[in-house]
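Please look over the chain shown below.

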Amino acid sequence: MASPEETGGGSGSWSSNNNNIDLEEAQKIILRWDSSASEEAREKMIFDGDRHEADRYLLAVDEIQRSMSSASISATAAAADGGNGEDSSKDQAQDKVNSAIQIAMARLEDEFRNILLSHTAPIEEDALTDNPAAAAAESSSSTSAAESSTAAAESGEEDRLSSSGGSGSQVLEETNLNLSDPIPRTGSSVSNSSGSYRSTSSIKELDLIPELAVYDLRSIAERMISAGYLRECIQVYGSVRKSAVDSSFRRLGIEKLSIGDIQRLEWDALESKIRRWIRAAKVCVRILFASEKKLCEQIFDGIETAAVDEACFVETVKGPAVQLFNFAEAVSISRRSPEKMFKILDLHDALVDLMPDIESVFDAKSADSIRVQAAEILSRLAEAARGILSEFENAVLREPSKIPVPGGTIHPLTRYVMNYISLISDYKQTLIELIMSKPSTGSRYSGDPTTPDMEFAELESKPPLALHLIWIIVILQFNLDGKSKLYKDVSLAHLFMMNNVHYIVQKVKGSMELREMIGDDYLRKLTGKFRQSATNYQRATWVGVLYCLRDEGLHVSGSFSSGVSKSALRERFKSFNGMFEEVHRTQATWLIPDTQLREELRISISEHLIPAYRSFLGRFRSHIESGRHPENYIKYSVEDLESAVLDFFEGCPVSQHSRKRSQ
């Protein structure tokens with residue numbers, strides 16, 4: 001049998017090399033390989049054996065087809081001449097030719113199937129990887145981004161939260177947001193997608209079948225299609241290659257799940273499948289489907305005038321492609337909830353990245369439905385992300401927990417929301433393209449007490465996504481302000497607001513992307529709010545305590561030179577002692593998780609308290625010590641107060657502080 005280079009591959013090429021087979025000999029060759037009449041023919045395959053025999057069989061088919069064509073021309077000419085009637089021997093000869101071509105086509109169909117099956121092997125594991133080096137770098141990048149976005153939730157501050165009384169679980173039971181679940185870690189890289197599709201240089205076509213086998217398949221396909229057996233040829237090809245694609249799907253972990261099956265999955269299971277799908281989809285489109293398309297072109301391109309290669313390719317991969325994209329479609333129309341946002345965005349970004357490859361691989365008109373399905377899924381994923389953001393805003397505003405967190409520490413809602421919007425900022429590039437409208441906010445003129453006011457006049461230059469993030473912080477503060485009113489102690493309410501707004505400020509400062517979108521002007525407003533809460537706390541707590549250390553009311557006859565009323569002075573010391581003891585006992589159990597903030601507030605307290613007490617004690621100590629039982633009135637030295645202030649905001653009773661200091 002001549003090599004592909006020598007023969008070229010067309011049916012004419014075969015006969016030009018050896019045209020000495022006549023019709024009678026051709027019929028004998030065809031009949032000798034009739035598997036319905038010969039045991040030997042059933043057991044052996046022509047293209048598995050002697051290449052010369054395969055060459056002769058194809059030449060025989062060519063001769064049969066030429067004779068059929070000649071007979072057809074003769075019949076047409078006879079009819080044009082008026083028709084003298086066909087000779088019975090000619091009829092018999094024509095019947096033999098027709099029978100021979102049917103036997104030959106059945107045989108070629110079997111040979112075609114056998115060659116495909118013989119050379120269809122699972123794709124090597126290494127080949128089913130979409131750019132391993134890039135995948136490794138992508139994985140590393142995404143892990144770093146996700147870990148940095150959720151670092152605060154796993155810091156020592158979380159330990160402080162859990163040690164402050166443990167009522168967080170009660171709070172979570174009452175909330176619509178599932179705050180007990182961590183913000184989902186992203187399994188793919190932080191988005192850097194753009195609105196325009198990029199080049200398709202990522203496609204990697206494999207040679208699925210050896211060159212000589214491809215040549216044999218093309219030679220058979222040419223003759224089957226020429227004889228009118230296009231449908232049979234495509235069916236055989238599609239059935240074998242579909243099985244090969246299904247095998248690769250299984251190796252990639254792609255399951256045959258209906259849209260209903262996918263929507264019934266628990267989120268943890270679905271999240272894992274989304275990660276697997278993103279990896280598998282890249283391999284399917286860029287390697288598996290692209291390679292199947294190349295094989296179809298190698299075998300069928302240019303045969304007849306119809307786009308046979310396109311039809312064969314679509315017949316082979318349409319089912320698997322629909323199965324692949326049905327998963328993303330099911331996710332895009334599933335119930336929306338905040339924890340799904342980042343996997344939705346991962347899916348969206350993966351599909352944006354794949355769209356140019358999808359359009360390249362499925363460029364045939366018969367594959368329109370696949371391209372349309374992918375584009376519609378992309379649109380629905382974008383809409384799902386917009387809807388989730390809107391629903392998240394509403395959930396933050398309406399989060400209903402009514403149990404105050406112990407010690408005025410950071411509320412779980414604050415941690416959840418700020419970690420969430422930090423991750424949103426990591427997806428800035430994608431979301432800036434998807435979020436095109438401003439948030440629906442309250443207005444100072446609306447008179448709605450359940451929604452905070454927010455005017456956009458001074459924020460007009462910011463993109464809609466930045467406005468949404470600012471709005472989320474506004475409604476978070478609004479909700480927190482309502483929760484602060486659950487505290488009976490006004491001082492604790494102010495401390496609670498200070499802790500939570502300070503946490504918001506630190507999270508904004510800790511994310512370059514978030515800070516850039518929020519802007520320094522709004523960040524200064526937030527900083528002013530937590531400082532105002534700190535001032536309000538000090539006023540509510542210490543104005544009364546310091547009022548005990550005033551001179552007014554201690555002097556007899558209203559003249560400073562007339563002497564001091566010892567009874568009034570004793571009452572003043574007793575009032576100070578009682579108030580300070582209560583503040584000390586109570587506020588030692590309050591908690592400021594941030595070490596620097598805790599120290600700053602203690603210093604501020606000391607700067608007001610210690611000088612005032614030192615001065616008062618210096619002026620009036622002698623009056624008390626000259627009387628009976630001075631220890632009942634002067635209970636604290638200046639050093640005692642300085643030491644006591646160090647107990648404040650540790651989140652545990654004073655007795656535990658004393659043990660800590662003694663160790």
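H629 sits in the loop that links α24 (595-625) to α25 (638-645); helices (H or I, at least four residues) are DSSP runs, numbered from the N terminus. The phi of H629 is near 50°, a positive value in a residue that is not glycine. Most residues other than glycine have a negative phi. H629 is partly exposed, its relative accessible area being 44%; buried means under 20% relative accessible area, exposed over 50%, and partly exposed in between (1.4 Å probe, protein chains only). F649, in the loop between α25 and α26 (654-662), also has a positive phi, of about 65°. F649 is buried, with a relative accessible area of 0%.

This is a predicted model, in which local features need pLDDT of at least 70 and side-chain atom pairs count only at pLDDT 80 or more, while totals for chains, interfaces and linings use all residues. Residues are numbered from 1 along each chain as its sequence is written, and side-chain values use heavy atoms, with hydrogens and water left out.

The chain has a mean pLDDT of 81, and 78% of its residues reach 70 or more. Over residues 184-199 pLDDT stays under 50, and the model has 54 contacts beyond four places in sequence for this stretch; contact means heavy atoms within 4.5 Å. Residues 659-663 also stay under 50, with three such contacts.

The largest nonpolar core has 187 residues, and F289 and F300 have the most contacts inside it. Such a core is a set of buried Ala, Val, Leu, Ile, Met, Phe, Trp, Tyr and Cys residues joined through side-chain atoms within 4.5 Å. Helix α13 (residues 267-300) gives the most to this core, with 18 residues. Beyond four places in sequence, the contacts of F289 include V245, F249, F313, L324 and F362.

Helix α23 (residues 566-587) has 22 residues and spans 31 Å from its first C-alpha to its last, close to the 32 Å expected, a figure given by 1.5 Å times one less than the number of residues. Among the buried residues of α23 are R572, F576, N577 and H584. In helix α5 (residues 51-80) lies S67, which is buried at a relative accessible area of 13%. The side chain of S67 reaches the backbone oxygen of I64 at 2.7 Å. Apart from neighbours within four places in sequence, S67 is in contact with L23 and V97.

Key. Helices (H or I, at least four residues) and strands (E, at least two) are DSSP runs, numbered from the N terminus. pLDDT is the predictor's confidence in each residue, from 0 to 100. A polar contact is a pair of N or O atoms within 3.5 Å; within protein, one must be able to donate a hydrogen and the other to accept it, and residues adjacent in sequence count only if both atoms are side-chain atoms.
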